[in-house]
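Subject: Structure handover, side-chain contacts

Hi,

Here is the structure we talked about. Please have it open while you read the notes below.

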Amino acid sequence: MIHVKLIQYTGEPEKVISAAAKLCYSNAGVDDILDGLDRDGIERFLNLLMDMGHESPVEHASFTFAIEGVSRSLLAQITRHRIASFSVKSQRYVREGQFSFIVPPEIEAVPEAKARFLQSMQEDQQAYDELVEILIQKHYQSCLAEGMPEKKAKASAEKKAIEDARFVLPNACETKMVMTMNARSLMNFFRLRCCNRAQWEIRDLAEKMLLLVKEVAPTLFYYAGPGCVKGPCPEGKMSCGKMQEVREKFLGGEVNGKVNRH
């Protein structure tokens, strides 16, 4: 099960962004850039930016998430969002002894499919363990032959073994990561990954992340979500056809903020 925490973010993110917007649209200098930025002033500048589509000031706020309970398949998707920073559990340095894995809901729902899936995971684990042991013996002997001390030879042999044995591990293998994005990149992430057409796992993660940032920056992320939340569906003929339902979900339902934007 996906578990995500917002572990750090720019202090007063909406105020920082509003200050950047104020510098763009007024004669304010650096000494008075924060003057008058009460709640009303902040909302006024944020709404101005959103209405104009002027998103560059939004980059001044960043958010850092700790994420676990996701698959390596999701990792391949999320790292396509290039304006972000990632730190991921390494299969090169961390031995996968009885690895955890993600079971897709559609497989979970069909007993026959789930049984075959679990069998496959067991077979992958067995293959991984066998490869690790075979390769450890090979590298250990090589290290000793090179004159390496026994303790160091064992450590080096295991590291080299798991580096290659990991190739047999499945996309379902569970991973963990820390990810940082600025608010503008996050909005793009939500537009793509909260969409009904996004893959189920990354959509689930995106919705959980959106709820977290709405708690600390509700005005900024009021219209965050799939593209159809504000405007026509960008998917064209590939649309899910549920635009009204999606808008209700993100603006007034289960993925909503704490403010009413006027």
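A salt bridge here is a side-chain nitrogen of Lys or Arg within 4 Å of a carboxyl oxygen of Asp or Glu. By that rule, Glu55, Glu59, Arg184 and Arg191 are linked in a network of salt bridges.

Two notes on the basis. This is a predicted model, so local features need pLDDT of at least 70 and side-chain atom pairs count only at pLDDT 80 or more, while totals for chains, interfaces and linings use all residues. Residues are numbered from 1 along each chain as its sequence is written, and side-chain values use heavy atoms, with hydrogens and water left out.

Salt bridges

The count comes to 17 salt bridges. One of them joins the side chains of glutamate 55 and arginine 184, at 3.4 Å from N to O. This pair links distant parts of the chain, 129 residues apart. Glutamate 55 sits in the loop between helix H2 (39-52) and E2, and arginine 184 in helix H7 (residues 183-193). Helices (H or I, at least four residues) and strands (E, at least two) are DSSP runs, numbered from the N terminus. Arginine 184 is partly exposed, at 31% relative accessible area. The cut-offs: buried is under 20%, exposed is over 50%, and partly exposed is in between (1.4 Å probe, protein chains only).

Glutamate 133 and arginine 95 also meet in a salt bridge, 2.8 Å from N to O. Glutamate 133 lies in helix H5 (residues 111-145) and arginine 95 in the loop between strand E3 (85-88) and helix H4 (105-108), so the bridge ties together parts that are 38 residues apart in sequence. Glutamate 133 is partly exposed, at 41%. Arginine 95 is partly exposed too, at 33%.

Lysine 159 is partly exposed, at 27%.

Aromatic rings

Searching the whole structure gives seven aromatic pairs. Rings of Phe, Tyr and Trp (its six-membered ring) pair if their centres lie within 6.5 Å; planes under 30 degrees apart count as stacked, over 60 as edge-to-face and the rest as tilted. Phenylalanine 63 and phenylalanine 221 are edge-to-face, with 5.6 Å between centres and 75° between planes. They are 158 residues apart: phenylalanine 63 is in strand E2 (residues 62-71), phenylalanine 221 in the loop between helix H8 (200-216) and helix H9 (243-251). Phenylalanine 63 is buried at 0%. Phenylalanine 221 is buried at 0% as well.

Phenylalanine 99 and phenylalanine 101 are another edge-to-face pair, at 6.1 Å and 70°. Here phenylalanine 99 is buried, at 4%, whereas phenylalanine 101 is partly exposed, at 28%.

One aromatic cluster takes in Tyr9, Phe63, Phe189, Phe190 and Phe221.

Charge over a ring, and a patch

Arginine 44 lies over the face of phenylalanine 45, 5.6 Å from the ring centre. The rule asks for NZ of Lys or CZ of Arg within 6 Å of the ring centre and within 35 degrees of the ring normal.

On the surface, Tyr25, Leu48 and Met52 form a nonpolar patch, with about 270 Å² of accessible area together. Patch residues have over 30% relative accessible area and no salt bridge; like charges are joined within 9 Å, and nonpolar side chains (Val, Leu, Ile, Met, Phe, Trp, Tyr) within 5 Å. Areas come from the Shrake-Rupley method with a 1.4 Å probe, and for residues only the protein chains shown count as cover. Tyrosine 25 lies in helix H1 (residues 13-25) and is partly exposed, at 38%.

Best wishes
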